[in-house]
Amino acid sequence: MKERRKLLIEGIVQGVGLRRRMALAARDLALIGWVRNLPEGHVEAEIQGDSEAIDALEIWLRGSPSLATIRRMTSIPCSLRCEEDSFIIRR
């Protein structure tokens, strides 16, 4: 089943390559959406695709990939978007 989730990722998540690695993992899982740094030091993302693929990405994130240390991750369902066709890193 196709769905979209908004993620807020907190911890040591900026300056450690998390967005780049997350984008690669999302593309490998055929997910679309985006990821970006927030001014307060968190990372925010919207991810869309197969529910099982999104679950797999969340499990991967909870393992604190790279040099990141994820202390908390909030995942909230949101509305599907049809205008996207890839997963990008927003600046």
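This is a predicted model: local features need pLDDT of at least 70, side-chain atom pairs count only at pLDDT 80 or more; totals for chains, interfaces and linings use all residues.
1. Pairing of S2 with S3. Strand S2 covers residues 32-37 and runs antiparallel to S3, with six bridges joining the two. Asparagine 37 has valine 43 in S3 as its bridge partner. Five residues lie between the strands in this hairpin, and glycine 41 takes a positive phi near 100° there.

2. Pairing of S2 with S5. Here the strands run parallel, and three bridges join them. Tryptophan 34 is paired with isoleucine 88 in S5.

3. Isoleucine 88. This residue sits in strand S5, residues 87-89. Leaving aside residues up to four places away in sequence, isoleucine 88 touches Arg27, Gly33, Trp34 and Val35. Its relative accessibility is 40%, so isoleucine 88 counts as partly exposed; the buried class would need a value under 20%. Alanine 56 is 32 residues from isoleucine 88 in sequence, and the C-alpha to C-alpha separation is 18 Å.

4. Nonpolar core. The largest nonpolar core has 22 residues, and Leu7, Ile9, Leu18, Met22, Ile47, Leu57 and Leu61 have the most contacts inside it. Two or more residues each come from strand S1 (2-12), helix H1 (18-28), strand S3 (43-50), helix H2 (51-62) and strand S4 (69-78). H1 gives the most, with five residues. In soluble globular proteins, nonpolar side chains tend to be buried together.

5. Leucine 7. Not counting residues up to four places away in sequence, the contacts of leucine 7 include Met22, Ile47 and Leu61, which are also among the core residues with the most contacts. Leucine 7 also touches Glu44, Glu58, Thr74 and Ser75, among others.

Key: Residues are numbered from 1 along each chain as its sequence is written. Side-chain values use heavy atoms; hydrogens and water are left out. Helices (H or I, at least four residues) and strands (E, at least two) are DSSP runs, numbered from the N terminus. Buried means under 20% relative accessible area, exposed over 50%, partly exposed in between (1.4 Å probe, protein chains only). Contact means heavy atoms within 4.5 Å. A nonpolar core is a set of buried Ala, Val, Leu, Ile, Met, Phe, Trp, Tyr and Cys residues joined through side-chain atoms within 4.5 Å. Two strands pair if DSSP finds at least two bridges between them.
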